[in-house]
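Open your viewer and get ready to select residues by chain and number. We will walk from stop to stop together.

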Amino acid sequence: MKQATEREQLTRTDEMPILLTEEARRFTEEVIKRSGERVDWCYQCGKCTAGCPVAFAMDMEPSRIMRLVQLGQGERVLKSKAIWLCVGCQTCTTRCPQEIDTAKVMDTLREMALEKGLATDKEVVTFFRSFLENIQRYGRVFEPTLVLQYNLRSGHLLQDADKGTLMLSKGKLPLRPSRNGAIVRRIFDALGGRKR
Amino acid sequence: MTAYAYFPGCSAHGTAKEYDRSTQSVCAKLGIELEEIPDWVCCGASPAHAVNHLLSLALVAKNLDLSPSDTIVTGCAACYNRFKTAVHALQHDRPLWEQVKQIVQPTKLNGRDFRVLHLLEVIHEFGLEGLKERVVKPLKGLKVACYYGCLLVRPPKVVGFDDPDNPKKMDELIAAIGAEPAEWEFKTECCGAFHAVPHPEIVLRLTSNILQAAKDAGADVVSVACPMCQINLDLRQLDIQKRHKVNFNMPVLYFTQLLGLALGINEGELGFDRLIVDPRPVLKDKGLI
């Protein structure tokens, strides 16, 4: 690293009141670097948690995740369900007094959890994977096969089965998929190993 | 006036056909010209940015490259947010954008300065007075709870749409067509978005709260500007009834359907029959259809 950035100085263990192991420090730094967000600036005011619409369903709330990231508790954070329950509504990002883009930190944590094979929420991971495969195939979302694939993979075979007929009768399901899959596949191919 | 490049979004051809159709009718009526981006592809929605930042930017960049105009309009709050985020990166993070270009290999992106608008903004810019003048059937007596959701208004630094806590643009359009916007506090509360598939119980809880607030505010209908919000608030009323034994029977219309009605566009083009909770009884009751 060419620049000894302000960020690096601030996350050095000798300037922190709590001593972190080398591994813990590396995790904190990786999250800060990849997200571009100063997680180390969080002072636990709790506004992110107070405004989070899904905090009620989380195993650890957003402010706690921020604290655990500061403390380098990688495995606990990456194995949490909470990072997958975050719906990306951006309320935390909008309200953070330290201007940390908390929702973006959640994106980074999900990316890291997948890379390390630590993702725990089977439903959300299955849905995301089915969605991204769907657009690689057709270019645009084709709801009928997306729902079918999700149901098959997640084992929730009959989820929303009662709505299919209604949606069809209301003309709310497309009958033919788009044919722009190749355009999207080229983008995934160019991303190479990053493909999910 | 030059045409806006129109990005319909994937739902426009499926669950939200009535949004697309009423959008086209209303814009035609107002003389707002829309030109669909040829061969547009999915913006990646939540699943792309949730697991791969570069992918989410690349999918939007591809659409920008295909766009016939530098001013892009979409009716979907989620697509709007993705486009805004990508254009923000294009304007503020050159190194990141260079990586995106490597992936997309654009042919027509250089030197272009994009402006991304939600359809609400386009009609708002068209002018409230102009809209009022064209109203043939004021929606008198109809109380409307305007629901904006998350992605239209947040984060304000990136989208710059309106006041993130108390947006007014849709309320002003609704007032211009003679209806009464409801005062309520759930305008920008989250509907649960994609959790409708992986964790439907979350969506049921959040949408119940929103619908209850609309009802408490005395609203006859809810007006939305996003296909995801619409289907969560409308379709999920079936599950709320089944599991929580509460029947809101609250019609959830696209704002373009209400505008279209006031502008005298015929009912068939507006697709009221496609909505799950039928809005026609209340519209009939108010003498509007």
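Is Asp162(A) buried, partly exposed or exposed? Asp162(A) is partly exposed, with a relative accessible area of 43%; here buried means under 20% relative accessible area, exposed over 50%, and partly exposed in between, using a 1.4 Å probe and protein chains only.

Before moving on, a few notes on reading along. This is a predicted model, in which local features need pLDDT of at least 70 and side-chain atom pairs count only at pLDDT 80 or more, while totals for chains, interfaces and linings use all residues. Residues are numbered from 1 along each chain as its sequence is written, chains are lettered from A and ligands numbered from 1 in the order in which they are written, and side-chain values use heavy atoms, with hydrogens and water left out.

**Stop 1: a bridge between the chains**

Helices here are DSSP runs of H or I with at least four residues, strands are runs of E with at least two, and both are numbered from the N terminus.

Now widen the selection to Asp160(A), Lys163(A), Arg236(B) and Asp239(B): together with Asp162(A) and Lys242(B), they belong to one network of salt bridges that share partners.

**Stop 2: the whole interface**

Colour the two chains separately. In chain A, 54 residues are in contact with 59 residues of chain B, where contact means heavy atoms within 4.5 Å. About 4900 Å² is buried between the chains, 66% of it on carbon and sulfur atoms; buried area is the accessible area (1.4 Å probe) that two parts lose on being put together, summed over both.

The interface of chain A and chain B holds 5 salt bridges. To see another cross-chain pair, select Glu18(B) and Lys172(A), whose side chains meet in a salt bridge at 2.5 Å, N to O. Several helices of chain A each supply at least two residues to the side that touches chain B, including helix 8 (102–115), helix 9 (122–138) and helix 10 (143–154). Helix 9 of chain A gives the most, with 7 residues.

**Stop 3: aromatic rings**

Select Tyr80(B) and Phe161(B). Their ring centres are 6.3 Å apart and their planes stand at 80°, so the pair is edge-to-face. Both Tyr80(B) and Phe161(B) are buried.

Tyr147(B) and Trp184(B) are both buried.

**Stop 4: the backbone**

Which peptide bond is cis, with omega near -10°? Look at the one from Arg154(B) to Pro155(B). Pro155(B) lies in the loop between strand 5 and helix 8 of chain B.

Then go to Gln44(A), which is not a glycine but has a positive phi, near 65°. Gln44(A) is in the loop between helix 2 (22–35) and helix 3 (47–51) of chain A, and is partly exposed at 36% relative accessibility.

In chain B, Gln105(B) also has a positive phi, about 50°, without being a glycine. Gln105(B) is exposed, with a relative accessible area of 54%.

**Stop 5: within chain A**

Finish with Arg25(A) and Glu22(A), whose side chains meet in a salt bridge at 2.8 Å, N to O. The two are 3 residues apart in helix 2 of chain A, so about one helical turn separates them. Arg25(A) is buried, with a relative accessible area of 17%, whereas Glu22(A) is partly exposed at 44%.

How values were computed: A salt bridge is a side-chain nitrogen of Lys or Arg within 4 Å of a carboxyl oxygen of Asp or Glu. Rings of Phe, Tyr and Trp (its six-membered ring) pair if their centres lie within 6.5 Å; planes under 30 degrees apart count as stacked, over 60 as edge-to-face and the rest as tilted.
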